[in-house]
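I opened a new page for this structure and went through it one topic at a time. My notes follow in the order in which I wrote them.

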Amino acid sequence: MQNPHVKYLKTKNAFHLFYYEQGSILCRHYAAEGWTAPQKIAEKAAPIFSLCQYAEKAHLLYSNAEGQLFMASSTDLAQWEHHPMSAQLPSGGNTKFFLLPTEDTFHLIYHQPTESTGIDSLVYTVFREGKWEKTYQIDRFMPLPKTPFLARRLRKEHIILYYRTGRNVVSAREMLLEPYTMGSVTPLIQTPSPCTDLSIVNDNEKIHMLYIVRGMFRTQVVYQYKHTSAISTPRILWEDNNCDTCLVSLQKGKVILMWTVNGQPMRCISETGGTSFGPVEKFTEKFPAKCLKGELIGAEEDEYNGVECYGDSNYLPAAYPLSSPSPQKRIKRNLPPPEYTKAYTTLQESHKQQIEELSALLAQRSDEIAAVNARWKNQTEKLEAELETLRKENLQLKASLSFSQKESEKDV
């Protein structure tokens, strides 16, 4: 799940990192010379904050140690103006805010506990002209670990929320902000075991979902997509003892699926919008031994579309296009002799063939598992029907015996 203490912001010509450390919210910028030194934005702040951008202006919502809300705004990400907001809303260190600004209004979605343990309430409100307006309860839900719910802006006044409506059910709900209109809940993911990590990205046609299901003995990396009202069959891409995190993104029309297995990154690419996949392969570029995921903001253009980013132990981004050196700065190496190139190419082809065979076996096993589950379900329903018949016969037999006993007592 996303680390709520770190955010990544992509602007037109730069990349920015916001993170919480030792009571302060800090920011670093990616420049031609590398990453700049940390810049302190807020002190004595709570660990969880919200970041967004609208009309070339960045907004950061956070709370201090006393629970008072503040809005920090900047046009250049260097000079920040801090404005206190009335502490009407719950602003504890564990509350996740999702902030969406418009011309003169801040739309806010957050969660708060209810009287039931493990059940939270998802709430929507508006901050306009220096005061909070009426709050609306969107739904009651079961918070996901680390990041209780996920949200995405589809268009100016149109958003979509992802949250857990059951123990193993993740659903979606679309909303219009002005006029306030709430859509119905649509179940997206239903798993037999707990979902330990989830990554979702939208394009103009589909919702792409990559998630990890942890069973008693194995974990599975599963992909699905939603197109209009139809949801595809779950496709198992990988099975292992310990799959850690997963991330889905769109790059130049391709669906890029990544996940880590005991810290080792794996990747699978679909060039057909999720209907078919290439082989599963190890991600060979530089990758941290221990990685985290943070929310990615502003990466929604055609070239790269994603809402999450992998980072290392210092929060610096990993496995992201802008984190790689520019072409003119790449180190030139001498080419190897032709015989080594030929041997390496042959080895690559051999590995590719093995991975394709493994992918085919995994797909076959996924189909076999689905078939076995269907047969097991039919057999269970048949046994339940037979059991119900036996229960009725048992009741009839008891009634008959009771009647015979009463008749015998009358004769005596």
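**Pocket linings**

I sorted the lining of the largest pocket by class and got 19 nonpolar, nine polar and 14 charged residues. The model I am working from is a predicted one. For the volume of the largest pocket I noted about 930 Å³. Its lining has 42 residues, and Gln53, Ile297, Gly298, Ala299 and Glu300 are the ones nearest the centre. I then looked up which elements give two or more residues to this lining, and wrote down β6 (50-54), β7, β10 (97-101), β15 (150-155) and β28 (292-297). The largest share, six residues, comes from β15.

I turned to the second largest pocket, which has a volume of about 780 Å³. It is lined by 29 residues, with Asn202, Asp203, Asn204, Glu205 and Lys206 closest to its centre. For at least two lining residues each, I listed β15, β17 (169-176), β18 (181-190), β20 and β21 (219-227). β15 again heads my list here, giving the most to this lining with four residues. By class, I have seven nonpolar, ten polar and twelve charged residues for the second largest pocket.

**Histidine 208**

I looked up histidine 208 next and found it in strand β20 (residues 206-214).

**Asparagine 64**

I placed asparagine 64 in the loop between β7 (57-63) and β8 (69-74). I marked asparagine 64 as buried because its relative accessible area is 14%, again set against the cut-off of under 20%. What does the side chain of asparagine 64 reach at 2.8 Å? I found the backbone nitrogen of glutamine 68 there. Not counting residues up to four places away in sequence, asparagine 64 touches Lys44, Ala45, Ala46 and Phe70.

I ended with strand β3 (residues 24-31), which is mostly covered, as six of its eight residues are buried. I went through its pairings one by one.

- With strand β2 (residues 15-21), β3 pairs in the antiparallel sense over seven bridges. I noted glutamate 21 opposite serine 24 in β3. The hairpin of β2 and β3 has two residues between the strands, and in it glutamine 22 takes a positive phi near 50°.
- With strand β4 (residues 34-35), I counted two bridges to β3, in the antiparallel sense. Tryptophan 35 in β4 is the bridge partner of tyrosine 30. A hairpin of two residues joins β3 to β4.
- With strand β5 (residues 39-42), β3 runs antiparallel and is joined by three bridges. Here cysteine 27 stands opposite glutamine 39 in β5.

Definitions and conventions
Residues are numbered from 1 along each chain as its sequence is written. This is a predicted model: local features need pLDDT of at least 70, side-chain atom pairs count only at pLDDT 80 or more; totals for chains, interfaces and linings use all residues. Side-chain values use heavy atoms; hydrogens and water are left out. Buried means under 20% relative accessible area, exposed over 50%, partly exposed in between (1.4 Å probe, protein chains only). Two strands pair if DSSP finds at least two bridges between them. A polar contact is a pair of N or O atoms within 3.5 Å; within protein, one must be able to donate a hydrogen and the other to accept it, and residues adjacent in sequence count only if both atoms are side-chain atoms. Contact means heavy atoms within 4.5 Å. On a 1 Å grid over the protein atoms alone, a cavity is a set of points where a 1.4 Å probe fits but cannot get out, and a pocket is an open set with protein on both sides within 12 Å along at least five of seven lines; lining residues have an atom within 4 Å of a point. Grid points are joined across faces, edges and corners, and a volume is the space filled by probe spheres set on the points. Ala, Val, Leu, Ile, Met, Phe, Trp, Tyr, Cys and Pro count as nonpolar, Asp, Glu, Lys and Arg as charged, and the others, Gly among them, as polar.
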